[in-house]
Amino acid sequence: MTFLELVNFYIIPGLVLGSIYALGAVGITLVFAILRYAHLAQGDLATLGAFVALAVVTGLGIPPLAALPVAMIFTAAVAVGIDKVFYEHLRERPKIVTVMASLGIALMIRSVVQVIWGVDAESYVRGIVRPQTYFGLRIKDREIYTVLFMLFLVGGLMLFLARSKWGKAMRAMSDNPNLALLSGIDNRKVVMLTWIIAGGLCAASGVFLGINTEIKSMMGWNMLLPMFAAAILGGVGRVEGAVLGGLVVGVAEELSVLVLPSEYKAAMAFVILLFMLLVRPTGLLRGKVL
Amino acid sequence: MTPLLSMKNVRGGYGDADILHGVSIDVASDEIVVIVGPNGAGKSTAMKSVFGLLTLRGGSILFDGDEILNWAPNRIVQRGICYVPQVDNIFREMSIHENLEMGAFLKKGDLSAAYDRVYELFPDLKERRKTMAGSLSGGQRQMVAMGRALMLDPKLLLLDEPTAGLSPKYMEQIFQICRDVRATGVAILLVEQHAKQALAFADRGYVLAAGQNRHEGTGAELLADREVAEMFLGG
Amino acid sequence: MELIGLANYALFMGIFIGIYALLALGLNIQWGFAGLFNAGIAGFFAVGAYTSAILTSPYAEGRLGGFEMPFFVGWAGAMVAAGLIAWPIGKICLRFRSDYLAIATIGVAEIIRLVVKSEETLTNSARGITNIPRPFGDLPYVQSQAAYLSIVLLCLGLCYFLVQRQFNAPWGRMMRAIRDNELAARAMGKNIEGRRLEAFMFGAALMGLGGALFAHFNRSITPEAIDPMVATFLVWIMLILGGQGNNKGAILGAAVVWIIWSMSEIATDQLPAEYAIKAKYIRLFLIGLMLQLVLRFRPEGILPEPTRGESRPAQVSAQEKD
């Protein structure tokens, strides 16, 4: 196999898949760091986002990228609503109770999707897209804009966290929740913001997975493990770490096909997760360990 | 003159069990008052009770004319009391400047006057304002923590063992900063493990034992008291 | 005729309740007593089912097997295999908060599902393993069901007795001490990871036994035999509704939840076909909702944990400092 083949068949698809994981992993890492629990419904929120975009695409006849903002806003609102209705009253209980509740929410979201849209695979646009060739690299347009949009969304988020008052409040809450409360930072607003961001990014992750592959009710659940592996690999609480982790997991999954039967592609994320917990639980960029 | 803060016979604790069995402490608006006592005497608990961090079952806490017993910490901050915990009192992964900014979170409008005031008190911090607070030394962290608390222009600053784990040199520096802070019109109530040094530096002191007042007086009076001396000051 | 049909149905229900009660008992060791979140119950169940199936089934072309061992060897093997799968996971994850274990158990269940689906030589992939011997399977139908029910109940009773005895032994007291106040237990020099690992493995072994009982009852096991999410959820709801930390509660919860679940299936089966498929997903939604309701309104369950001192898991936050 030549180097170009390696890049074309494994690295590029890996980076695209990794960008999709990264979007979900950023939400996971923020929820983990600020609310301090593992949110297991993250994948199914992505599924919901993908199907909402599908409804918009088929209903209005607009391209999926135009439907993306609608899906993001809708999913963000759903995430905030789920927190208000189901998680908020568990806040005083041990965090693991909320983890359990979130697993139930995952099932509920998925079954809503299955009732409304069924279980068959769908796609946003019919037809085969041929890749373009740039200097020997075979890349599809949608692959380019998946990566670009990921960088744009995460870049915007990082700017928000670094510069804005509420972004800093989110970092403060992640850094030292007691002191943040003593400083008068309104926890409820920080929590709501966290869900808006996590929900919106989840939807983006689902929509881009749908653009690059297909849309089906299990798509998000199947992304849950890679997204968590990415968040832990990068370091919990580290937005840039989640992106790095996502890309590494995506590429590793694609490359795993070289040594493992392709059925076990999904196992790669699990191996990375256990390996990181074993050797460096703080992740590559020194995140938190809860 | 009525004191700025007047705790009367405060009783309460964290859960169902009382730790404080009647603590009374006054702080005037231009005073540095220290609480000392043996381990487990309820010193830090007494201070936290002012800030609404535990369940109080009796007594009264008057601050600047308001009964603040069992107010939420949020409201107490806005009323003009700021609290510096003993540990975990900074945002480690934020710069010094951002730490101060978080301290002023509740403040609307221009913050430059507040920054100037704090940086004037702590010139060291101004030079390193972009440094991550977690990378600072213990004494500098304490300054960041105090600076953060001062951003809201409180009338009363609560310090929980500000010199714990610091070298004597830094201890003296922290005490000096307390005097400087007082000079800007902020009263200070602090809990101290180093009873001797603290009583020598404070205006007045309270000695607590087993969740109750045991002695009170000016620093000099307490240092001269034989019983107090035997209790903690190493005879 | 009606009566026999009803009796048959009751036997069938009894067997399933017994199997689920074993799973709930296993989860109670892990969650109720050690505070460990296992979200991959179905994985350990499958390991047990397939291990016993491989050990006891007759030779079949193209896959591992043909050992034809007696069923009790298969069941013991199921427990050992499930416990062994739990070991590395516990070893790696139990140092951290249970959130990590939750994710890892989801992962391990997922991988077990992949192995079951794709390893032709081990599990005969999609076709599954058939001809699994069933104890007293040669008797006429009703007697055979009744005999199997007795075996299930015997297993359950034995496990209940052993687990209950273990909980009242110093081991159980230590488990609860660790769960309720990890810091204090650590300060007293307890080997927390070691105890947790034991609890995790014991619980997994019971789940493996549950899987084995299921496989032998059906005489076959296929990847589609149980829906992993449904099984995992049902067991969780059984334990929490029945009363986490209470072994009797776990068994009672299994009975109550399984009866409700079966009734809802009977109800939705009456629907016309085009709704019946949707109804399946609506029932999934209801399981998720039921979990939320139980967590919110009845976290201590029908039979709360017998209080010894102040050890109510729902009240004690692992997060609390001081």
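The legends below describe several close-up views of a predicted model.

In this predicted model, local features need pLDDT of at least 70 and side-chain atom pairs count only at pLDDT 80 or more, whereas totals for chains, interfaces and linings use all residues. Residues are numbered from 1 along each chain as its sequence is written, and chains are lettered from A and ligands numbered from 1 in the order in which they are written.

**View 1. Fold of chain A.** Chain A holds 11 helices and two strands, where helices (H or I, at least four residues) and strands (E, at least two) are DSSP runs numbered from the N terminus. Read from the N terminus on, the order of these elements is α-α-α-α-β-β-α-α-α-α-α-α-α. The C-alpha trace of chain A spans about 60 × 45 × 35 Å along its principal axes. A compact globule of 290 residues would have a radius of gyration near 19 Å, and chain A agrees because its value is 19 Å; the radius is taken over C-alpha atoms, and the globule rule is 2.2 Å times the number of residues to the power 0.38. Of the 290 residues of chain A, 59% count as buried, a residue being buried if 20 or more other C-beta atoms lie within 10 Å of its own, exposed if 12 or fewer, and partly exposed in between, with C-beta atoms placed from the backbone.

**View 2. The contact between chain A and chain C.** This contact takes 39 residues from chain A and 37 residues from chain C, two residues being in contact if their C-beta atoms, placed from the backbone, lie within 7 Å. On the side of chain A that touches chain C, helices H4 (95-117), H9 (219-234) and H11 (267-279) of chain A each supply at least two residues, and H4(A) gives the most, with 15 residues.

**View 3. The contact between chain B and chain A.** Here 17 residues come from chain B and 13 residues from chain A. Helix H2 (73-79) and helix H3 (96-103) of chain B are the elements that give two or more residues to the side of chain B that touches chain A.

**View 4. Strand E3 of chain B.** All five of the five residues of strand E3 (residues 32-36) of chain B are buried, so this strand is largely enclosed by the rest of the structure. On one side of E3(B) lie the buried residues B:Ile32, B:Val34 and B:Val36, and on the other the buried residues B:Val33 and B:Ile35. E3(B) runs parallel to strand E8 (residues 187-191) of chain B, to which four bridges join it, and B:Val34 stands opposite B:Leu190 in E8(B). Four bridges also join E3(B) to strand E9 (residues 204-209) of chain B, again in parallel, with B:Val34 opposite B:Gly205 in E9(B); strands pair if DSSP finds at least two bridges between them.

**View 5. Surroundings of C:Cys155.** C:Cys155 lies in helix H6 (residues 141-168) of chain C and counts as buried because it has 21 C-beta neighbours inside 10 Å. Not counting residues up to four places away in sequence, C:Cys155 touches C:Leu22, C:Leu209 and C:Leu213. C:Cys155 and C:Ile19 are 136 residues apart in sequence, and their C-alpha atoms are 9.3 Å apart in space.
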